[in-house]
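Good morning, and thank you for making time for this presentation. Please bring the sequence and the structure up on your screens, and I will begin with a single residue before widening the view.

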Amino acid sequence: MADFAPLDTPLDLTLDGPALTAALIDFPSVSGTEKPLADAIEQALRLLPHLTVDRYGNNVVARTNLGRAERVVLAGHIDTVPIADNVPSRLDENGILWGCGTSDMKSGVAVQLRVAATVPEPNRDLTFVFYDNEEVAAHLNGLGKVAEAHPDWLEADFAVLLEPSDAQVEGGCQGTLRVLLRTEGERAHSARSWMGSNAIHAAAPILARLAAYEPRRPVIDGLEYHEGLNAVRIEGGVANNVIPDACTVVVNYRYAPDRSPAEALAHVHEVFADCGVAEFVVDDESGGALPGLSHPAAAAFMKAVGGTAQPKFGWTDVARFSALGVPAVNYGPGDPLYAHKRDEHVSVDRISHCEARLRDWLTA
């Protein structure tokens, strides 16, 4: 990864959304290195007299306190995946902005900052959350750390995550479960394989079960989710002349939010019950979130931004808000199909569109 120094000048919140997005992209913040960007965001927000600003670690929370009947959270993570020769940003003649984080999710963070700067008297009280370490292990997630240390900072009636959704509302999110399925054998010289038992061969029933698996496609609040159960990695082998005595198949289950984590785990146990698994280990799990589109605040949001709600394929931090009792949706300018890619990009029109729709909703 190339080294890029953070910008020397403070973030300028008078820039329009696309220009502010470009400034954020040119301010690298790969997971674990977010402190300079968190400093810049905190500094810029503290210049806005209508906001109260708090900080916990590299997580910045700013709030209006106008006594409105309803409070809404606008949240986004400030970290990105590692840079892939795609910084600094580049704007082409077709209005496409290229660079690491354009889609996931510095364009969304730019929209948050623009709303914070330009809507001083919203019709709902607002909480802006900028958090770190979303792109890495769940236990490092800054939103989770804020929820644990300062849950009162996140109290709200509704939340919008500016995650990439291509300017469409995406309801809820899938849960994710990762398990390690281990098979056992007996080592032997490969020239005398009958003297041993091949643990990689013993994984064949697991792979066959996965290949034949038919995922559910449940409809929840009018949204059709599509589950998936897949091998994502296989590990085994000792040497090129040794029959392996151990093999691990790593399986990822993406499940619809009508299933709890316990139900998802029970389902995976059932799928592989007779496949010769010697050891079943849960490696990672995060529950999903129901769409919550029937909530009055969500209905008002949908009416303001327009379009047709879509299911969220993947896990996002709407699940953390759901666990706190706050209904939440994903709505951001980035196209999720380009998240994490070397050719990551965003249309500047989408950035301006999302900012305008949020402003309309918060000032009507």
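This is a predicted model: local features need pLDDT of at least 70, side-chain atom pairs count only at pLDDT 80 or more; totals for chains, interfaces and linings use all residues.

Glutamate 227 has a relative accessible area of 3%, and because buried means under 20%, this residue counts as buried.

Where does glutamate 227 lie? Its place is the loop between strand 12, residues 223-224, and strand 13, residues 228-236. What surrounds glutamate 227, once its neighbours within four places in sequence are left aside? The residues in contact with glutamate 227 are Gln174, Tyr213, Pro215, Arg216, Tyr253, Arg254, Tyr255, Ala256 and Arg259. Two arginines in that list deserve attention. The side chain of arginine 216 makes a polar contact of 2.9 Å with the glutamate 227 side chain, and the side chain of arginine 259 makes a polar contact of 3.4 Å with that of glutamate 227.

Let me turn to arginine 216. It is found in the loop between helix 5 and strand 11, the latter being residues 219-220. Is arginine 216 buried or partly exposed? Its relative accessibility is 27%, so arginine 216 counts as partly exposed. Setting aside residues up to four places away in sequence, arginine 216 touches Tyr225, His226, Glu227, Ala256, Asp258 and Arg259. Besides the polar contact with glutamate 227 at 2.9 Å, the arginine 216 side chain makes one with the side chain of aspartate 258, at 2.8 Å.

How many does a search of the whole structure find? The search finds 23 salt bridges, and I will describe several of them.

In one, arginine 209 meets aspartate 274, with 3.1 Å between the closest N and O atoms. This pair links distant parts of the chain, 65 residues apart: arginine 209 is in helix 5, residues 204-212, and aspartate 274 is in the loop between helix 6 (261-271) and strand 16 (279-286). Arginine 209 counts as partly exposed at 31% relative accessibility, whereas aspartate 274 counts as exposed at 58%.

Another salt bridge joins the side chains of aspartate 125 and arginine 71, at 3.9 Å from N to O. Aspartate 125 lies in strand 6 (residues 125-131) and arginine 71 in strand 3 (residues 71-77), so this pair ties together parts that are 54 residues apart in sequence. Both aspartate 125 and arginine 71 are buried.

Arginine 114 and glutamate 355 form a further salt bridge, their closest N and O atoms being 3.2 Å apart. What does this pair tie together? Arginine 114 is in helix 3 (residues 102-118) and glutamate 355 is in helix 9 (residues 348-363), so the tie is between parts 241 residues apart in sequence. Arginine 114 and glutamate 355 are both buried.

Finally, the nonpolar cores. The largest has 62 residues, and the members that touch the most others are Leu11, Leu45, Leu113 and Phe301. Helix 3 supplies the largest share of this core, seven residues. Not counting residues up to four places away in sequence, leucine 45 touches Leu13, Leu51, Val53, Val60, Ala62, Leu113, Ala116 and Phe130. There is also a second, separate core of 20 residues, with Tyr131, Ala159, Ala289 and Trp315 among them.

That concludes the presentation, and I welcome your comments.

Methods: Residues are numbered from 1 along each chain as its sequence is written. Side-chain values use heavy atoms; hydrogens and water are left out. A salt bridge is a side-chain nitrogen of Lys or Arg within 4 Å of a carboxyl oxygen of Asp or Glu. Helices (H or I, at least four residues) and strands (E, at least two) are DSSP runs, numbered from the N terminus. Buried means under 20% relative accessible area, exposed over 50%, partly exposed in between (1.4 Å probe, protein chains only). A nonpolar core is a set of buried Ala, Val, Leu, Ile, Met, Phe, Trp, Tyr and Cys residues joined through side-chain atoms within 4.5 Å. Contact means heavy atoms within 4.5 Å. A polar contact is a pair of N or O atoms within 3.5 Å; within protein, one must be able to donate a hydrogen and the other to accept it, and residues adjacent in sequence count only if both atoms are side-chain atoms.
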